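Have a look at the model first, then come back for the notes.

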Number of protein chains: 2
Amino acid sequence: MSLDQLAGLLADRTRAAFCMALLDGRAWTAGELARHAGVSPSTASEHLSRLVAGGLLAEERQGRHRYVRLANPAAAALIENLAVYASSVAAPAATPGNLRESVRMSAEAQARTCYDHLAGRLGVAVTDAVLARGLVSDDAGFAVTAAGRAWLASQGIDLAALKGSRPLVRSCLDWTERRHHLAGTVGAALCGRALDQRWVERIGTGRALAVTPGGRTAFRELLGLELPARRPGGAE
Amino acid sequence: MSLDQLAGLLADRTRAAFCMALLDGRAWTAGELARHAGVSPSTASEHLSRLVAGGLLAEERQGRHRYVRLANPAAAALIENLAVYASSVAAPAATPGNLRESVRMSAEAQARTCYDHLAGRLGVAVTDAVLARGLVSDDAGFAVTAAGRAWLASQGIDLAALKGSRPLVRSCLDWTERRHHLAGTVGAALCGRALDQRWVERIGTGRALAVTPGGRTAFRELLGLELPARRPGGAE
DNA sequence: GGCACAGTTCGGCGGGCACCGAAGTGTTCG
DNA sequence: CGAACACTTCGGTGCCCGCCGAACTGTGCC
């Protein structure tokens, strides 16, 4: 497959909408994606088949449902990086068309998942905190320090178990905050921990997350973060 | 700009060919790119205008020549990452159509520039050596060690001067070797050093590099690398 | 076993885009 | 100053693709 063929897969507003939705890290059904993108089931079916054949998505059948998800972390990083670069080019993408959309975009700016790690203001704040506390260093590259290794172990995150083909820590540029946040397998593990411990919970079907009261306490105690009480759709 | 619009810029074989050519890090004229891609000057002109307007390329006029280059390192990383992912999907892109193309692809596999850093077997070998010698560590992320800082200083590369918005060290997956090589500002500085000291020199107008006899000596002395004497188009 | 649901396949329709040649503009050189 | 070169603009042509409705298939539930 060539560069223009891969790019062609994403050069359509319906397929692009599917991929952006799937950046929440979850599996969606074909019907859900059709409704999300506002197209008919037949259109969705055809587009999904092309995305699967092209290697960006993976599928799984369960009874009469066809579930699809992003094929792998590299596909997710590709799509996120394209979206970040696109949003940095002048003439920004759509502004909120109505109140509901404005609320959604605000929620996503607060906290959300970026494929498998925390993003939005929460993601940036967590990244600033781990840097400030010396748990991760960016002096000579981006690496977990010895203190960070111990801290992660106290959170049940074993670095040795995370070693693999993906980088342990990677900096991911946030499209809402335009600042970096922690990605890589450590970033994913932290996100998983936050969801498991119910420090954050998902809002609806999008990528938005809400910090729970218990989460506010945990982030204060573990990282010294004072997070605002979240009011749905309201001011900080 | 949205994801599908940005992807649409690359979803055409002519524009994709332009961007791949520009991954050599140099500026090309519109006429050179037209010939490279096998299209007429008018076609090239229109495509280049779209790529510039879309933020992937930057242009500069000099007399009757229009020079274009990749807009910034992020654009280069995007294109390289897309090309790497595309090549990893089954049904590989074009195999060499003739002897000349086979020779060119072989040369690029040996050593080439990947936008601004060394890639190919040379890039991978250099990366393996700096890891083995403890100049860069990947234990807990990708970072230059204290020994590496000193070594780079002995090569006239000052880390403090390299600090900026780009990561110092970044791992870039190589599409010919399918292994990682050193990217980021340190990777770029090393490549610049190798070109300045004439350890490598460019071959023709592509991205291929040849290791010079002086370079073979330098790589052996500095990093313990035994590089084969390069025979154009021949076996190792 | 029949009905409802989820998804697939296929032919038709309309819109958009890549390409080029011709004519033009701007720059450079003899 | 005129010719040559590099590039641009624009109208025309042909091809490709996204979308959908209708008919179909497979699954699940009552």
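Before looking at any sheet, you need one rule: two strands pair if DSSP finds at least two bridges between them. Helices (H or I, at least four residues) and strands (E, at least two) are DSSP runs, numbered from the N terminus. With that in hand, an open sheet of four strands runs in the order S6(A)-S7(A)-S7(B)-S6(B), with antiparallel pairing.

Some ground rules: residues are numbered from 1 along each chain as its sequence is written, while chains are lettered from A and ligands numbered from 1 in the order in which they are written. This is a predicted model, where local features need pLDDT of at least 70, side-chain atom pairs count only at pLDDT 80 or more, and totals for chains, interfaces and linings use all residues, and side-chain values use heavy atoms, with hydrogens and water left out.

- Strand S7 (residues 141–144) of chain A and strand S7 (residues 141–144) of chain B pair in the antiparallel sense over three bridges.
- In that pairing, Phe142(A) stands opposite Phe142(B) in S7(B).

**Around DNA strand D**

- 24 residues surround DNA strand D, and the closest are Thr14(A), His47(A), Arg50(A), Ser45(B) and Arg66(B); a residue is near a molecule or strand if one of its heavy atoms lies within 4 Å of it.
- Sugar and phosphate make up 74% of the atoms of DNA strand D that come within 4 Å of the protein.
- A polar contact is a pair of N or O atoms within 3.5 Å; within protein, one must be able to donate a hydrogen and the other to accept it, and residues adjacent in sequence count only if both atoms are side-chain atoms.
- An N or O atom in the side chain of His47(A) is 2.3 Å from a phosphate oxygen of DNA strand D, and for the side chain of Thr43(A) the distance to a phosphate oxygen is 2.9 Å.
- The side chain of Glu46(B) has an N or O atom 3.0 Å from a base nitrogen of DNA strand D.
- H4(A) gives the largest share of the surface near DNA strand D, five residues.
- The residues of this surface divide into three nonpolar, eleven polar and ten charged (Ala, Val, Leu, Ile, Met, Phe, Trp, Tyr, Cys and Pro count as nonpolar, Asp, Glu, Lys and Arg as charged, and the others, Gly among them, as polar).

**Around DNA strand C**

- DNA strand C is surrounded by 24 residues, and the closest are Ser45(A), Arg66(A), Thr43(B), His47(B) and Arg50(B).
- Here, sugar and phosphate account for 71% of the atoms of DNA strand C that come within 4 Å of the protein.
- Glu46(A) has a side-chain N or O atom 2.9 Å from a base nitrogen of DNA strand C, and a polar side-chain atom of Arg64(B) lies 3.4 Å from a base oxygen.
- A polar backbone atom of Ala30(A) is 3.5 Å from a phosphate oxygen of DNA strand C.
- Five residues, the largest share of the surface near DNA strand C, come from H4(B).

**Hairpin in chain A**

- Strand S2 (residues 57–62) and strand S3 (residues 65–70) of chain A pair in the antiparallel sense over six bridges, with Glu60(A) opposite Tyr67(A) in S3(A).
- S2(A) and S3(A) form a hairpin with two residues between them, and Gly63(A) in the turn has a positive phi of about 65 degrees.
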